[in-house]
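Visitor: I would like to learn how to read a structure of this kind, step by step. Could you take me through its features, giving the general idea first and then the case in hand?

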Amino acid sequence: MSMPNRDVREIIRDEHLMRNRILKVLAPGPQTIPQIAAALGYPTHEVMFWVMGMRKYGYVAEVKEVTDEGHYQYQVVEREGA
Amino acid sequence: MNYDMLVVGSGIGGMESALKLGDMGYKVLLVEKEASVGGKMILLSKVFPTLDCASCISTPKMAATIHHPNITVLTYSEVEGIRRDGDGRFQVKIRRKPTFVDPALCTGCRQCEMGCNVAVPDQFNADLVSRRAAYIAFPQAVPKKAVIERGGTSPCTFTCPAGIKSHGYVALIRSGKYEEAFNLVLESTPLVGSLGRACFAPCEEECTRGGLEGPLPIRRLKRFVADTHYRDHERAEVKVPAPNGKKVAIVGSGPAGLTAAWQLALQGHQVKILEAAPQPGGMLRLAIPAYRLPAEVVDQDIRNVTALGVEIATNTRVENLEELKQQGFDAVLVATGTPRAAKLNVPGEELQGVVSSLDFLRAVKLGTPTDLKGKDVVVIGGGNVAIDASRSARRLGARSVRQVSLESRADMPAHAWEVEEALTEGVTVLNSWGVKQFLGQGRVQGVELKRCTAVFDSAHRFSPQYDETTTERLDCDAVIVAVGMTPDTAAFAGQVQVNKNRTIQVDPATLQTSVPYIFAAGDVVSGASFINTAAGRGRKAAFMIDRWLQGKELNEAEFDPKLPMVDKAEVLQRQRSHSRRDPVVNPVTLSAEPRGFAEIEPPLTEEEALVSVSRCLDCGVCSECHQCVATCPADAVKMEMREQKVEAEVGAVIVSTGFKLFPADLKPQYGYGRFKNVITGMQMDRLLAPTRPYNTVLRPGDGKVPDRIAYILCTGSRDQTVNNPLCSKVCCMYSIKQNQLIMGALPLADVTVHYIDIRAFNKGYDEFYEQAKAMGANFVKGRVARIKEKEDGNLLLYYEDIANGGRINEAEYDLVVLAVGIQPNLEAGKLFPGGQLKLDNYYYVEEVDEDLNPGRTSIDGVYVAGSASGAKDIPDSILHAGAAAAQAAAYVEKVGRPS
């Protein structure tokens, strides 16, 4: 959380670039935002933008149950029309 | 266009006014700047105090507005100005922004959005998530039609003479779509690999990122997609179109000829290229040294062309263009380039050992180079071809290479980086010298130089001036003259009009020669240029020839229409800050003793390519990657769509431009924009809405389900420190609404509201407040002084607790919601010239007789509806809009409807 904030536009612009990396991280199974962030080495709030963008556009979906730490896990889903 | 009424803005107030007037039988023109009607209400979760779903009650009104027989809705349009006539009517100017999607064809399927490769903040989700450059505003949008956001043409794309959508292929690489990126370049030219290596890359000179740490390596990125494609595809895989029965002959197989052939063959024309040289490719094949452009890359590019069925006949010199017509070709394109070397016309030029750069480079590329081992070579010329000759001479083992340039170092026509590389490879550059004569008996033994004092005259025409008394002698074994290239068009004189400088005369707009079926393009028309320029002209020639063969008027069509180039300063200003991203270095392999013609520039690795594309600023927003064009099942994407200006006369005007939300970062003590888990009330409303950006209420900092949530009321309202003493009227109630919704969505969450006063003034509001308290919401009276962010993203609030003696307390929360206030929308005042529409002391539209004539403004016939005149909740906005509609109707009845 101590990293300087990047402009939101700049973070969001990276979504397409990060998509394949995130899908790779999720390939073995569902992960929470902090877990994905740790795997990628990026701040959690940036990963949040990317994963939520991927969720919006049908690449990932949440697993129903929340973890004990209060996070949802996200998993790769088959994209409609893909 | 005449209407009884103009309504500006289609929020709940604007829609209500329009519907009431439409129901009364008035013809209403409703203008909305966004792509959907609905304003802010449609974006809310629920409404207070009934907790009705905002979408459920908005969408019927939105649909009724759009479909009402008396209402014409112009979405994605802006009123530029309104002028009141002497007869009490109004002249309105409207700008219809291009959506680049034909609304009649768009089915709202979102395929364009799903395939789009540019992500930008979604303003309809309060920037909590991305949307695409191609987008439908939100799921309940009315009309549900896609829009493509284009801010202009990106500088890289705008500058490319070949018409390549540079931004597009950069965006496609960023998405990992390398094959699509290759195909996008193919839309312009088949020379993907050649341009990826030998293009002088004007795109990079214009790259906006160049104003930061340095431009993207756009050319090398093209090479990356070419190398990737050619590695994965041994054969060119192109879809051959059905032949249309037309035959075109292209004379010359350089960049212009090959590109024209490619484009014409794509249209189904049967194309044959006739090339005088033993191998196709023109300058690509015969002039550009292999260390910059290997022959196999040219072969790969040419295979794209031949895969389409284009026939290339080499060793075939064409001298009679008319014969081609007799042979059955319907059209002819002359693209023979500039194969003749210009001469210096100085004594000794005929000596053995004095060769032209074209002959020299051609021999090198054809494998029969001049033996220069251990020899002293002088190269005459200051351009890129001279540099190529110098560096090739070094590679052939020349002991010394001295390059003589008329120009000073700074004014040399060669690119500065090429000069630098030549110097590194041991070439000596002698500037501001001209050639007086070549010396020797039978064979050249030296060059006598004379000082050049000026290259151009005052009109910047080439007119070198010399100091004949200052001379210098260079002893040498060989001389390569690279002082220009000219077309070889002597054979065509008499068939088409040929200029004095041997170029072919064409109509510059159509590239048609004096003979209708003969076109000419590339360097044979323009004189020596660059390969990207020649490719672009070949593409244009193909466009014109295709039209001509179809019997279409040539001058009626605009070739390659582009939006104006986006303002680079505006691009940079879209962000508050730009994090530093250094360019990938280009480790060209240079040696002071270069040997062999192996390629000196390494390819970008995939990682380097991805790092490089991550630096793109998406200047034009839409990258023109054309994925939307490819995926739209309705063929609705129309990139050629342009802005339209519309004028209308109306009888009365209702201003319903709504409000703005207070920018929360103006209260820096609350950390909005810096602390990841501090959000605004509108953002919370989005998180609670059925069409929310996340799967539930999560904190944006790390996706955690928040347990402890704080509200800070009166953020930016009732606050003299931000010049807004007004109460925003809705913040208390929307916060209480959200409290109840949060407790429904997150039953275990604690909600605390830090407030000054709770203003629950309308029917049922106080009961609603009491209900929230009964559900467990905790209300703490007192201001919050500041917020501190902890390492784990939690937030420490330091607040005044008035109920407990006014002491300053500290409390920790997972998430803080700033109940931001309402501000006037200053756009309302700009609708009329010269400040005619008066604003009140707080910059809302002034109601001049608020008590007796609500909605009446300072201009007779102009009325204000909803929160454009001050903060209102939804029921009050609707009521006010109804009043404004009644006032407007009365006015129109008085002055009469426009005829």
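Predicted model: local features only at pLDDT ≥ 70, side-chain atom pairs only at ≥ 80, totals over all residues.

Visitor: What share of the contacts in chain B with a separation of 6 or more comes from residues 24 or more positions apart?

Guide: Such residues account for 71% of those contacts in chain B. Met24(B) lies in the loop between helix H1 (12–23) and strand E2 (28–31) of chain B, and Met24(B) is partly exposed because 16 other C-beta atoms lie within 10 Å, a count between the limits of 12 for exposed and 20 for buried.

Visitor: Which residues have the most contacts inside the largest nonpolar core?

Guide: They are Met5(B) and Leu333(B), in a core of 299 residues. The largest share of this core, nine residues, comes from helix H18 (residues 531–549) of chain B. If we set aside neighbours within four places in sequence, the contacts of Met5(B) include Leu21(B), Tyr26(B) and Val28(B), as well as Val650(B), Ile654(B), Ala888(B) and Val892(B).

Visitor: How should I read two helices that pack together?

Guide: Two packed helices are described by the angle between their axes and by the distance between those axes. Here, the axes of helix H10 (residues 255–266) of chain B and H18(B) come within 7 Å and cross at roughly 35°, and H10(B) passes H18(B) in a right-handed crossing. Among the residues that make the contact are Ala256(B), Ala260(B) and Leu264(B) of H10(B), together with Ala535(B), Ala542(B) and Ile545(B) of H18(B). The residues of this contact divide into 10 nonpolar, four polar and three charged.

Visitor: How many residues does each chain give to the contact between chain A and chain B?

Guide: Chain B gives 36 residues and chain A gives 33 residues. On the side of chain B, the elements that give two or more residues are strand E6 (119–121) and H20, and E6(B) gives the most, with three residues. By class, this side of chain B has 11 nonpolar, 13 polar and 12 charged residues.

Visitor: Is Met54(A) buried or exposed?

Guide: Met54(A) counts as buried because it has 25 C-beta neighbours inside 10 Å, where 20 or more are needed. Met54(A) has its place in helix H4 (residues 44–56) of chain A, and, leaving aside neighbours within four places in sequence, Met54(A) is in contact with Arg19(A), Ile22(A), Tyr59(A) and Val60(A).

Visitor: What should I look for in the backbone itself?

Guide: Most residues other than glycine have a negative phi, and most peptide bonds are trans. In this model, however, a cis peptide bond joins Phe48(B) and Pro49(B), with omega about -5°, and another cis peptide bond joins Val142(B) and Pro143(B), with omega about 0°. Pro49(B) is found in the loop between E2 and helix H2 (54–67) of chain B, and Leu51(B) has its place in the loop between E2 and H2 of chain B. Leu51(B) is not a glycine, yet has a positive phi of about 60°. Asp560(B), found in the loop between H18 and helix H19 (568–573) of chain B, also has a positive phi, near 50°, and Asp560(B) is exposed, with 10 other C-beta atoms within 10 Å.

Notes. Residues numbered from 1 in each chain as written. Chains lettered and ligands numbered in written order. Core = buried A, V, L, I, M, F, W, Y, C linked by C-beta atoms within 7 Å. Helix = DSSP H or I, 4+ residues; strand = E, 2+ residues; numbered from the N terminus. Contact = placed C-beta atoms within 7 Å. Axes fitted to C-alpha atoms, helices over the stretch in contact; angles between N-to-C directions. Left-handed = near helix turned anticlockwise from the far one by under 90°. Nonpolar A, V, L, I, M, F, W, Y, C, P; charged D, E, K, R; others polar.
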